[in-house]
Amino acid sequence: MIRRLLSLALATFVFGAATVSSAFADEKFIIVQSTTSTQNSGLFDTILPTFRDKTGIEVRVVAVGTGQAIRNAVNGDGDVLLVHSKPSEEKFVADGFGVSRADVMYNDFVIVGPASDPAGIKGSRDAVDALPKIAESETPFASRGDDSGTHKAELRLWQAADIDAAAASGTWYRETGSGMGSTLNTAIGMDAYVMTDRATWIAFGNKGTHEIMVEGDPRMFNQYGVILVNAMKHPHVKADLGQVFIDWLLSKEGQGAIADYKVDGQQLFFPNANDGSS
């Protein structure tokens with residue numbers, strides 16, 4: 001009798017384990033390495049449920065700076081990469097870590113600052129003219145300092161202005177080493193200027209007296225691209241499911257979902273998948 005009971009218990013355990021294993025095997029999800037701006041802006045929270053309902057595929061987002069997202073994808077810690085630093089994205093593909101790259105959407109960067117505007121840059125449409133005024137006045141400027149797409153774009157503007165902002169690190173130039181939301185909070189707390197993507201700024205709830213100071217400079221254009229991580233480099237990559245997600249993002253439905261996302265009546269991202277890819 002005891003032997004029979006043990007056999008029955010073992011059979012039940014094996015069946016239960018197989019059922020759990022099967023459930024996990026049937027679970028469909030992908031990991032997308034992306035930026036804090038797509039998460040902080042609320043875009044993913046809005047469009048991903050639509051994709052899941054249509055395909056049954058859950059998208060799990062790792063929201064970090066672009067540099068870290070790319071490093072994670074290089075290590076195989078993701079199926080899809082969606083970031084905003086085109087030179088870095090193209091290198092990722094050229095190095096064999098990505099299959100191909102496609103434009104998805106764009107917005108722009110803005111420089112925000114306290115309403116008192118101590119550097120006198122409000123209303124400027126020329127970031128390369130405005131940044132030296134911040135440096136000369138030694139007004140605090142908060143930088144993400146985290147190798148994100150926003151940080152990379154900011155450094156290009158300082159370079160174009162022929163200013164080594166990093167040399168002033170710890171004085172008027174403050175590097176937070178954190179995401180966009182945290183950096184905005186820091187900037188507002190210390191009455192500092194800061195560069196941010198417009199989408200995060202629109203969705204940000206703690207603006208204080210800060211407002212947009214510099215906008216409309218073509219050099220502050222902010223393009224986002226999507227890339228399938230190469231399964232030839234990392235065989236565990238869910239290439240089929242990842243491609244379904246990419247195809248949806250680039251489709252009329254996906255592009256429409258991006259365009260339809262608004263905060264306070266303002267469109268945060270502008271789809272441009274059909275305008276060209278690489």
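Me: Which residue lies over the face of F29, at 3.7 Å from the ring centre?

Reply: A charge sits over a ring if NZ of Lys or CZ of Arg is within 6 Å of the ring centre and within 35 degrees of the ring normal. In this predicted model, R60 lies over the face of F29, at 3.7 Å from the ring centre. K238 also lies over the face of F29, at 3.3 Å from the ring centre.

Me: On what basis are such values given?

Reply: The model is predicted, so local features need pLDDT of at least 70 and side-chain atom pairs count only at pLDDT 80 or more, while totals for chains, interfaces and linings use all residues. Residues are numbered from 1 along each chain as its sequence is written, and side-chain values use heavy atoms, with hydrogens and water left out.

Me: How many aromatic pairs does the structure hold?

Reply: A pair of aromatic rings is described by the distance of the centres and the angle of the planes. Rings of Phe, Tyr and Trp (its six-membered ring) pair if their centres lie within 6.5 Å; planes under 30 degrees apart count as stacked, over 60 as edge-to-face and the rest as tilted. The structure holds 12 such pairs. The ring centres of F51 and W248 are 5.4 Å apart and the planes stand at 50°, so this pair is tilted.

Me: Are F51 and W248 buried or exposed?

Reply: Both F51 and W248 are buried (under 20% relative accessible area, with exposed over 50% and partly exposed in between; 1.4 Å probe, protein chains only).

Me: Which residues do ring pairs link into a cluster?

Reply: The cluster consists of F141, W158, W172 and Y173, linked by ring pairs.
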